[in-house]
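Q: I am new to this structure and would like to learn how to read it. Please take me through a few features, with the general idea before each case.

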Amino acid sequence: MSASSLRCFLVLAALSLDTATGATPSNAAAEAAARLAPRGHYPKYFLGEQSYFTVVGAAAGDREGLLNEEGALEVDRTAFSIEPFLYTQDGLTTWNEAAPSPSLALGYLPVPSVAWRGRNIALDITAYATDGPQAALYARYRVENTGPDARRVKLWLALRPFQVNPPWQSLNLTGGVAPIHAIRREGPLIRVDARTVVALTPPDQFGTLAGDALVRTLAQGKLPRGGKVHDPKGQASAVLEYDLDLPPGAARDIYLAVPDLNPDAFANAAQVRSGRGGDFARAALQASLDGWQAQLSRVELLGPPAARGLLDAVRSNLAYLFVNRDGPALFPGSRTYARGWIRDSTVMASALLGMGYPDTVRRFLAWYAGFQYPDGKIPCCVDSHGADPTPENDSPGEFIHAVYEYQHYTHDLGLVRGLWPQLVKTVAYIEALRAQRLTPEYRTPDRQAFYGLLPESISHEGYSARPVHSFWDDFWALRGLDDAAELARRLDAPEAAHFAALRDAFRADVYAALKLTMARRNIGYLPGSVELGDFDSNATAMIVNLGRELPNLPQDALRQTFDEYWAYFQKRRAGQLDWDAYTPYEVRTVEALVRLGRRRQALAVLGFLMAGQRPKAWNHWAEVVWRDPTAPKFIGDMPHAWIGAEFVKAVRSLYVYERDSDQALVLAAGIPKDWLESESGVGVRRLPTGFGVLDYTLKRGGDGTLRLTLGGDLTVPPGKIVVRPPLDRPVRAVWINGRPSPAFTADAVTVGEWPAEVRIETGGP
């Protein structure tokens, strides 16, 4: 089974993993020791409790750390962690006594912190990273005396052979123990096997230990001795001690760094030996904060104070797309999913384009195209080993669509021309796949429903155990063919007519298969696959969000699909269903509901999913959300960037989306009513669309009317601007640029001028 297949199997078929599953002997031994030791002496996950974490990295870096909600920092993939402890006259403080609480800088920047509070001493752990020639992962430990009396405090920073990633994170790696065999100190450099920790703040004492007695020693107020250690069992550890005399209200900052490349050159650049390491680290922190603020300010989504948490999460998840990527590759995760799936990446690319990052997408497309097979096949996934040969038949359509989206937002045909040979081969590959189901045996009654479709595959994540003819694959291919035909038209390429004919023939076969499957299964909803006739609203939501086929879908079946989803959702939310977990890919349903005019339902689903962020302060999702947040179960990477991208797209759709059926720009179709009641109203600044850059503000005026200001650098689209604000009463009258306009219905206003000042009056029954 390929890694991609295994991913699907674990996520959707083996969600009942427990602490024993996949545990190595060293993890089992650590778990046994943890259960005999005082709580707090070992990572929480060895007690069979979930430990949540977030990623730490730079926007253009290739290495990421993990910080967990207890304050431990994993320095690299499957590497050791730096774990803090405090010691005062009251004894040892671990994560267990500290009641840790997480946060992000400014509420949204990907610079996470964990705060410990108690016994008149506060410890704030902040992790951040920089890229460039001196790329490094940093940790700042701020110890503050919050009491009325002077305090003496020991801060112990322990280098321990444990990951932040829990042991049940067992896909593509194994979490838990991370063996350390050798540690030695060379001045400010602490060599830990092949990695180096630079003590930017020199410790007062340093000690090493072989074996597993480190925290027992610290609990006695003792520091192990020795500047180096070797442990063939991989249980070596070390401690940096900082002796702090703190007057009331005083604080002290301690900095460590783990350089990406040459630690000696890094230490020299930081001037550690001359006592300038702290200044260097402070400057790096400020540069990180400034850089992220600039990076995340290209587009503004405007809303009232009540919307801040939601809008902060949008910015955070955009940032996580950059943190998780490696070079041009867009990765959904930093550990389990440190691979580039075209499926995930296409959605991430769409989110980036819609929020103003075309250069990132251009680099990705040029990179991924280089892995195309000679026969035109687009690999489902690429990692450090190259292209994954597993057949996943959504891949060619996704690649074409990603190229189309780039051109649609940027109007840059240069990249399309450069990739045109690859695009032509991709279409030929789709045509060859389809030809396998155009032979006479697929005209027989028992196989008629497969006629003209793409062959079976496991690309849809529910079909890992058994490949099927998935409509997920077919609708991605249909959108890809449609996009290829449109790109050929824009290029005036000779393939345009053939691509359009291929699209039309394929569309007819896809809809015939849908109709036949529904009839044979006697179902009223849109099925996920031919063989199963399965209900899959998440897959149907993708079809809706792709846009172009929405008016062609059987409308009664489409309506029933989301009626059934809504009935299920309400029961789940009310606790009337027995459920264990869900995957937040479901957030794509929010966008689909907005596009279907189901605003209230979209907002209810969004609110439910927001409650699944753990911890809330880090603004992201794991791949799996368990009903019991403490359950020691597989959760995938945190943050999961595909889910984050779907979330960004969903929230963007509340403000604006493009209606492909008539090329209209639809505004405010998902905005909550109470947002308009706020004095600030809602709007966007510098938002890219396929028709130019959009600015708008919408608020309720003092006279009760709605006031819309449209600006930016935009060409009025063929379908014009359609405004669908939340209304208690029907639209009664509209003025555009001071003139009355008849272009409205009870719940929508159409604007064909730009720029425009629009006044909307409501009234009547």
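This is a predicted model: local features need pLDDT of at least 70, side-chain atom pairs count only at pLDDT 80 or more; totals for chains, interfaces and linings use all residues.

Q: What is a cavity?

A: Rolling a probe the size of a water molecule over the atoms shows where empty space is left. On a 1 Å grid over the protein atoms alone, a cavity is a set of points where a 1.4 Å probe fits but cannot get out, and lining residues have an atom within 4 Å of a point. Points are joined across faces, edges and corners, and a volume is the space filled by probe spheres set on the points.

Q: What volume does the largest cavity have, and which residues lie nearest its centre?

A: The volume of the largest cavity is about 120 Å³. Its lining has 16 residues, with P43, N68, A72, E83 and W95 nearest the centre. Strand 4 (residues 81-88) gives the most to this lining, three residues; strands are DSSP runs of E, at least two residues, numbered from the N terminus. By class, the lining of the largest cavity has eight nonpolar, four polar and four charged residues. Here Ala, Val, Leu, Ile, Met, Phe, Trp, Tyr, Cys and Pro count as nonpolar, Asp, Glu, Lys and Arg as charged, and the others, Gly among them, as polar.

Q: Which strands each supply at least two residues to the lining of the second largest cavity?

A: They are strand 8 (121-130) and strand 9 (136-145). The second largest cavity has a volume of about 60 Å³. It is lined by 13 residues, and R63, A129, T130, A136 and D260 are the closest to its centre.

Q: How many strands form the open sheet, and in what order?

A: Strands of a sheet pair through backbone hydrogen bonds, either parallel or antiparallel. Two strands count as paired if DSSP finds at least two bridges between them. In this model seven strands form an open sheet with antiparallel pairing, in the order 18-26-27-28-33-30-31. Strand 18 (300-302) and strand 31 (739-741) are at the edges with a single partner strand each, so one side of each has no neighbour in the sheet. Between strand 18 and strand 26 (residues 682-689) there are three bridges, in the antiparallel sense, and L302 stands opposite G683 in strand 26.

Q: Why is strand 16 described as largely enclosed?

A: Buried means under 20% relative accessible area (1.4 Å probe, protein chains only). Eight of the ten residues of strand 16 (residues 237-246) are buried, so the rest of the structure largely encloses this strand. Strand 16 pairs antiparallel with strand 10 (residues 151-160) over nine bridges, and V153 stands opposite L244. Strand 14 (residues 205-209) also pairs antiparallel with strand 16, over five bridges, where T208 has A238 as its bridge partner.

Q: How many disulfides are there?

A: A disulfide is a covalent bond between the sulfur atoms of two cysteines. The rule used is a pair of cysteine sulfur atoms within 2.5 Å, and by it the count is zero. The sulfur of C380 is 5.5 Å from its closest cysteine sulfur, in C381, which is too far for a bond. C380 is buried at 2% relative accessibility, and C381 is buried at 0%.

Note on methods: Residues are numbered from 1 along each chain as its sequence is written. Side-chain values use heavy atoms; hydrogens and water are left out. Buried means under 20% relative accessible area, exposed over 50%, partly exposed in between (1.4 Å probe, protein chains only). On a 1 Å grid over the protein atoms alone, a cavity is a set of points where a 1.4 Å probe fits but cannot get out, and a pocket is an open set with protein on both sides within 12 Å along at least five of seven lines; lining residues have an atom within 4 Å of a point. Helices (H or I, at least four residues) and strands (E, at least two) are DSSP runs, numbered from the N terminus.
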